[in-house]
Amino acid sequence: MTSYYIEKSSSKRMIDELARKQKVIAPTKEGSGFSFKVVSSGEEACLEFTNTTISPKSVFLPQLEELFTYDIKNGRVKDAKGDGDEPVALVGARPCDSSALLILDRVMGGKYVDSYFDQNRKRTFVVGLSCSKPEPTCFCNVFNTGPIEGAGDDISLTGIGNGYIARPRTDRGKEFIKEHPDCFREATKREVELFERESDRVIESMGNQLKTEGLPERMAKAFDDPYWQELSRRCIECGVCSFVCPTCYCFEVTEEINGNEAKRSRGWDTCLSCRFSRMAGGLDPRPTKQDRLKHRFYHKLQYIPVTFGAISCVGCGRCVSRCPSNVDIREVIAKWQ
Amino acid sequence: MREPKIVAFMCWCSSSGADQAGVEKINYPAGVTPVRIPCSALLGPELVIKAFEDGADGVIVSACKPSDMRRVAPSRLTEARLEILRSLLGEVGIEGERLQMAWISSQEGAKFAEQVSKAVESIAALGPSKLKEATRIV
Amino acid sequence: MSETELKLGEVAAELIRDGKVAYVIGYEKGSIADRSRPCFVTTPQDSTKLVWNEHCAVSLPKYLIGTKDKVGIVVKGCDGRAIVELIKDKQVDRDKVVVITPPCLGVKQTTQGSSEEILARYCERCPERTSPISDIQITDGSRKADAVQKPKRGTGSTKRSEGPASWKEEFQKCIRCLACIKSCPLCYCTECELDGSMSSLVSKLRIPSELPTFHLVRAMHMAGRCVGCGACEAACPADIPLTDLYARINDEVERIFGYVPGIDINEVAPVELPRPKVEGT
């Protein structure tokens, strides 16, 4: 893969260029933290951040998404384009969040394609940004979903000195670099060396002795372990873990009726909530808090790997830092190591 | 000026005051949506807040006068609760005058029309509620 | 281990050994620096896990709700007030709880861009750090054992709260996760009106026009009940300064009813009073 170089100042220009042709979503300063928002220029974006509280998965799976509208009287669907297919650029996605997209692709694609997610994936150009200062709660290196390159990137940027090494991962990425010779040039050998040194430095700075090999099998054996009862005691079923997680995708569907028109929408839901799995008639396969918390871990660490071939955790650490009761997935992974 | 959208929560007795106004053919503003509830003290703040969310420019709560009550006056409790709610609504830019209370007995048709008209007038003077502007898709 | 933590461990071990409680709810070291998390001590040996520091932000009385056993619980001042309110609301049986009160250190947090920790805003607003309810008082070495102090009251004790410039904007940050409700020690309704899966007041989804409704209704539910423990704010992933809103509303309740929640177990809550002190009555 050829490496290119872009000055930090040019990266602002790159965002300006992107904004000319499409909606650009980038990290912005919000209060005491950061969040992904639509920006109209490079100045508005802030690439000096660790990570946002909410992942940019909302670019692909919006928290509230209109699916279609229809006429109640004859059931004719009026508008089913969801959020549309205008191009979008996501700039500044960390490797964990970017890699999460490939896990979501497995679930949302395959034999039964989720057309809305698919549309959002196809129309979005992802410029990833390597981490230089992982948080103590980050553990992407355990799953090889970071800290340098994200599997969902079209272009990966890694900061070195006054600029970034830019490595295109897809044809779209390569094309974009070719179209902007004013921003990108081929990297020198020295610059590539600096990149390799920086990558090593960041990876080494992360500890994490967790073993993921054989994890689904370990989980399967531990299904009746009394550990689950002990762990779930302090869980308050708030579901914040699901909301901040870049690989969680469960949603709730609702309809609103206004006169003769009905609108069907979907939005994020959490399997931690007490009626999530309740069915008509009142039967609930996960009636207790323990059942629900256990399900979250089994879904991520055993069910998805078995069904879709990938562990559904990218080590972003958001659930660890935001859980009010400090339920820590790293402890679960390490438990039967 | 566009007529303000007002929801009037009326306790059983005061709503018969409204009926009385109808019987006596006394006019009162047409933009008022009446909602009858058994007692004003039963009025949860949820209903008032929901009315504002749905676009009401003002809410009137009409209750029985304490002098009509035999022992305790639940409408006094309503009044205190509304005062608390008013300060909360102020925090989101809904002026206090948009939430008004009226004291009406069951036979007071004219009183009902008068109080409601006055309330509607003062709410209309504030213009449309700005709450809907506050919400945007992020 | 501090002296308080040692004594705490001893008290917990004794209670469990003597069969006085089924378990003790306290705090243990978290998996992240500067974080303590709830723990349930079931054996005397485990009592050494108990910690006591300025990172005990979770409100433990939450875990008393629905408990059938007699349990011990370690509380800060605000948590003690929460227990008083829960007893008044008949959600906790006074005889089923052994309240252990070490000296309340408050909750400290780091501010953005600095590693220095400062006392949380909601702790600064606290009317009285001593818990109004206590079965076993633990004192640190530097203080004599005091009788539980009767807290100061009056319209001056609760500072008039300041809030953000625009609550409307703050509410738009909300992601409707319900963490505020789930972490609140005084939210015990099994069918929550603000949970869209059980109620038709608001949707389960994050509909922007419902965000002010959600927060205003919650604030009204907290009026005269919120004890200012800050668990909601600590849990909120959107960092909305919720305690400012609830303190504001409680200022009004205090002004109108002369009532501060959680201070006096014999004081009837305003919703039951027939005659509030409203001007002109």
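Student: How many residues of domain 1 of chain C are in contact with domain 2 of chain C?

Tutor: In this predicted model, where local features need pLDDT of at least 70 and side-chain atom pairs count only at pLDDT 80 or more, totals for chains, interfaces and linings use all residues. Residues are numbered from 1 along each chain as its sequence is written, with chains lettered from A and ligands numbered from 1 in the order in which they are written. Here 25 residues of domain 1 of chain C are in contact with 20 residues of domain 2 of chain C; two residues are in contact if their C-beta atoms, placed from the backbone, lie within 7 Å.

Student: What makes α1(B) and α4(B) roughly perpendicular to each other?

Tutor: The axes of helix α1 (residues 12-23) of chain B and helix α4 (residues 109-124) of chain B cross at roughly 100° and come within 7 Å. Axes are lines fitted to C-alpha atoms, for helices over the stretch in contact, and angles run from 0 to 180 degrees between N-to-C directions. Angles of 65 to 115 degrees count as roughly perpendicular, and therefore the term applies to α1(B) and α4(B).

Student: Which residues of α1(B) meet α4(B)?

Tutor: Among them are B:Ser14, B:Gly17 and B:Ala18, and the residues they face in α4(B) include B:Phe112.

Student: Why do β1 and β9 of chain A count as paired strands?

Tutor: Pairing requires that DSSP find at least two bridges between two strands. One of the bridges has A:Tyr5 with A:Ile165 as its partner in β9(A).

Student: Which strands stand at the edges of the sheet in chain A?

Tutor: The open sheet of eight strands has the order β3-β2-β6-β7-β8-β9-β1-β10, with mixed pairing. β3 (33-39) and β10 (185-186) of chain A each have a single partner strand, so one side of each is left without a neighbour in the sheet.

Technical notes. Helices (H or I, at least four residues) and strands (E, at least two) are DSSP runs, numbered from the N terminus. Angles under 35 degrees count as roughly parallel, over 145 as roughly antiparallel, 65 to 115 as roughly perpendicular and the rest as oblique.
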